[in-house]
Amino acid sequence: MLKVLIIDDEKNVRESLKLLIDWEHYGYIICGEADNSNDGIAKFASLKPDLIITDIRMPGIDGLDMIRQIKMENGSVKILIITGYSYFQYAKQAIDYKVDGLLLKPVDEDELARKLVLIKAEIAREKEEQELIEKSRGLSDERVLAALIKGESLAGDEKETWLTSSHFPWKSYQLLVF
């Protein structure tokens with residue numbers, strides 16, 4: 001299950017978001033909530049959520065400054081903004097901070113569900129890429145190419161891992177040595 005942190009200064013908004021959809025059905029669990037940006041930053045640090053759903057306008061630090069701080073700490077966290085304000089400036093700044101969506105209040109259940117599905121797929125894709133990178137760490141280009149030229153075998157699926165994580169997009173190769 002992916003963890004969600006809800007940050008909004010309006011208690012009724014936080015409560016309605018928790019009840020709006022069946023979070024578990026979409027592969028999420030609400031791990032916490034905060035009523036202001038400072039508390040949101042602290043809870044982000046302790047809870048390590050995969051997704052933050054936040055308002056922009058809150059007392060103290062506004063949501064955009066909070067997003068900027070959180071993204072500086074962890075650029076891969078997904079952020080979905082919900083707001084009652086449709087100002088273009090907010091949307092522009094949200095894009096600059098690479099948020100994953102902006103929904104207007106009141107939040108539409110279907111629209112939220114679509115965003116959750118897209119975000120979950122993006123997180124899965126990023127995890128697969130990271131696993132591939134981790135798998136291929138010990139495989140230097142020189143070592144693999146030398147083994148291929150010499151006709152030596154590589155352990156397990158090392159060659160396939162290296163080929164898919166390297167700069168070579170094809171499944172098979174021929175080598176001609178002069």
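The structure is a predicted model. Helix 1 spans residues 11-20, the second largest pocket has a volume of about 200 Å³, and Asp-55 is a loop residue between strand 3 and helix 3.

- Val-13, Arg-14 and Leu-17 are the buried residues of helix 1.
- Looking down the axis of helix 1, these buried residues fall within an arc of 100 degrees, so they line one face of the helix.
- On the face turned away from that buried side, you will find the exposed residues Lys-11, Asn-12 and Leu-19.

**The second largest pocket**
- Its lining consists of Lys-48, Pro-49, Asp-50, Asn-74, Ser-76, Val-77, Lys-78, Ile-123, Glu-126 and Lys-127.
- Helix 5 (residues 109-136) supplies the largest share of this lining, with three residues.
- Sorted by class, the lining has five charged, three nonpolar and two polar residues.

- Asp-55 sits in the loop that runs between strand 3 (51-54) and helix 3 (63-73).
- Is Asp-55 buried or exposed? Asp-55 has a relative accessible area of 3%, and because buried means under 20%, this residue counts as buried.
- The side chain of Asp-55 makes a polar contact of 3.1 Å with the side chain of Lys-105.
- Leaving aside residues up to four places away in sequence, Asp-55 touches Ile-7, Asp-8, Asp-9, Gly-63, Ile-82, Thr-83 and Lys-105.

Key:
Residues are numbered from 1 along each chain as its sequence is written. This is a predicted model: local features need pLDDT of at least 70, side-chain atom pairs count only at pLDDT 80 or more; totals for chains, interfaces and linings use all residues. Side-chain values use heavy atoms; hydrogens and water are left out. Buried means under 20% relative accessible area, exposed over 50%, partly exposed in between (1.4 Å probe, protein chains only). Helices (H or I, at least four residues) and strands (E, at least two) are DSSP runs, numbered from the N terminus. The arc is that of the directions from the helix axis to the C-beta atoms. On a 1 Å grid over the protein atoms alone, a cavity is a set of points where a 1.4 Å probe fits but cannot get out, and a pocket is an open set with protein on both sides within 12 Å along at least five of seven lines; lining residues have an atom within 4 Å of a point. Grid points are joined across faces, edges and corners, and a volume is the space filled by probe spheres set on the points. Ala, Val, Leu, Ile, Met, Phe, Trp, Tyr, Cys and Pro count as nonpolar, Asp, Glu, Lys and Arg as charged, and the others, Gly among them, as polar. A polar contact is a pair of N or O atoms within 3.5 Å; within protein, one must be able to donate a hydrogen and the other to accept it, and residues adjacent in sequence count only if both atoms are side-chain atoms. Contact means heavy atoms within 4.5 Å.
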